[in-house]
Amino acid sequence: MDSFSEIVSFGLHSSLRVAHSSFVFSTRLLGILAKLAKGEPNHREIAISLREAFSQLGATYIKLGQFIASAPSLFPIEYVEEMQACLDSVRPVQFREIKSSVERELGGKLESLFHSFEETPLASASIAQVHAAVTKEGLDVVVKVQRPDVHLTLKTDMQILGILTKVLEIIAPEFKKSGLTAMFQEFQISILQEIDFIQEAKNIEEFEAYLLKAKETRARVPRVYHTLSSKKVLTMERFYGVPITDEKGLKQFTDNPRKILSDALEIWFSSLSNQGFFHADVHAGNLMILKDGNIGFIDFGIVGRISPKIWRGLMLFTQGIGISEPTLVAKGLVEMDSTDSGVNPTLLAKELDSVFNELESVYVHLTENEMFDESKVNRIMFDMKEIAEKNGLKIPREFALLMKQMLYFDRYVKSMAPEINLFRDSQNFVIGKT
């Protein structure tokens with residue numbers, strides 16, 4: 001807090017938020033606590049109650065639901081599956097509030113800052129919404145604007161969640177064993193980074209710096225306009241093109257969609273290998289082919305960073321899946337662990353056998369171009385986590401992010417270039433060290 005007015009504002013907002021949260025908790029979460037206190041709770045029922053409470057509370061809790069849904073290596077499967085319903089799409093903020101936020105953050109009237117600014121948003125989510133605009137210089141941009149008071153809401157919610165995790169660990173010791181406090185701390189770090197648009201701008205420019213260093217001309221990231229940006233407003237170059245999964249649309253801009261996909265894989269894997277940095281949310285909407293034929297990477301709110309040790313483990317793991325060799329899969333998991341616990345990969349491979357067969361099944365279904373069953377992948381990741389932990393291993397959260405991203409990529413590959421075995425050949429997509 002930088003000023004007395006901010007402290008007063010936080011105090012009032014915090015009180016109102018606590019009152020609202022308390023009402024929801026009293027009607028839903030107290031019932032959950034009662035179920036936990038009875039012993040042997042029905043986690044499916046508890047997960048449904050939690051998801052309903054999260055939807056009611058909005059903002060932080062929707063993001064918490066998404067965090068749970070995207071981290072099957074951390075959370076019980078019932079919660080991971082139920083939180084798939086926490087879609088990050090909410091009612092748009094009224095334009096007058098967006099206008100007021102932009103003017104306050106950038107220190108001027110909207111008309112003096114932009115040549116034009118579209119009132120209807122291009123997208124609206126729990127943290128921010130995006131509007132199209134044109135700069136005074138006539139450049140097409142998108143402006144990402146945080147929802148009013150979202151940072152105050154998050155601050156209050158983090159305090160409430162911190163208290164709640166401690167209460168849960170007292171009432172239900174099983175949560176303490178699961179490392180709930182550590183999970184909450186990781187979520188807190190993650191979401192606070194996501195609402196810092198200055199950090200997102202740095203993420204964009206870090207990836208751009210890698211592209212320049214690698215003399216990579218096949219891909220671009222949007223230019224950030226710093227004079228029209230702040231911690232709560234992010235103005236970026238507007239990209240025009242189509243999602244890389246839109247095969248019909250791709251043909252408008254390229255005669256070789258397969259090469260575009262192969263190029264995107266090379267760029268993503270090479271940034272991961274050479275820099276230990278990766279875009280961790282490259283779904284269809286965040287990876288585009290632009291009108292000039294280049295590949296566009298957008299939305300760097302979620303990025304991952306890995307050590308060389310995790311990279312080596314990932315390569316062993318994916319190679320093991322690609323050539324159907326469970327021992328290599330086990331060696332990969334052991335390599336990724338930072339504890340050096342002396343686990344025997346051969347014995348671990350035997351225990352992983354059933355999980356490995358399920359993972360192969362998912363891979364086969366992708367080969368047959370069936371729908372991507374995310375809930376099944378989440379269950380496999382949870383089973384793998386349980387077996388690994390039973391053997392004294394700790395699987396890093398980045399591994400779950402990487403695996404899900406690779407399975408998304410693999411779905412694109414099976415549709416556009418079925419001759420590629422992404423898991424077996426992942427090392428082939430890495431361009432030499434820069």
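Here are my entries, one topic at a time, from what is a predicted model.

**Phe 269**

I started with Phe 269 and found it in helix α12, which covers residues 257–275. Buried or exposed, I wondered about Phe 269? Its relative accessibility is 0%, so I put Phe 269 down as buried.

Next I looked up what Phe 269 touches, skipping its neighbours within four places in sequence. I got contacts with Trp 311, Met 315, Met 406, Leu 422, Ser 426, Phe 429 and Val 430. I also checked Ile 431: it sits 162 residues from Phe 269 in sequence, yet the C-alpha atoms are 8.2 Å apart.

**α13 against α14**

I then took helix α13 (residues 308–322) and helix α14 (residues 326–336) as a pair. Their axes come within 7 Å, and they cross at roughly 165 degrees. The cut-off for roughly antiparallel is over 145 degrees, so I logged α13 and α14 that way. The crossing of the two is left-handed.

On the α13 side, the residues making the contact include Ile 310, Leu 314 and Phe 317. On the α14 side, I noted Leu 328, Val 329 and Leu 333 among them. Sorted by class, the contact has nine nonpolar, four polar and four charged residues.

**α18**

Last, I did a length check on helix α18, residues 397–416. At 1.5 Å a residue, its 20 residues should span 28 Å, and I found the end C-alpha atoms 29 Å apart, which agrees. Of those 20 residues, 16 are buried, so I noted α18 as largely enclosed by the rest of the structure.

Note on methods. Residues are numbered from 1 along each chain as its sequence is written. This is a predicted model: local features need pLDDT of at least 70, side-chain atom pairs count only at pLDDT 80 or more; totals for chains, interfaces and linings use all residues. Side-chain values use heavy atoms; hydrogens and water are left out. Helices (H or I, at least four residues) and strands (E, at least two) are DSSP runs, numbered from the N terminus. Buried means under 20% relative accessible area, exposed over 50%, partly exposed in between (1.4 Å probe, protein chains only). Contact means heavy atoms within 4.5 Å. Axes are lines fitted to C-alpha atoms, for helices over the stretch in contact, and angles run from 0 to 180 degrees between N-to-C directions. Angles under 35 degrees count as roughly parallel, over 145 as roughly antiparallel, 65 to 115 as roughly perpendicular and the rest as oblique. A crossing is left-handed if the near helix is turned anticlockwise from the far one by less than a right angle, and right-handed if clockwise. Ala, Val, Leu, Ile, Met, Phe, Trp, Tyr, Cys and Pro count as nonpolar, Asp, Glu, Lys and Arg as charged, and the others, Gly among them, as polar. The expected span of a helix is 1.5 Å times one less than its number of residues.
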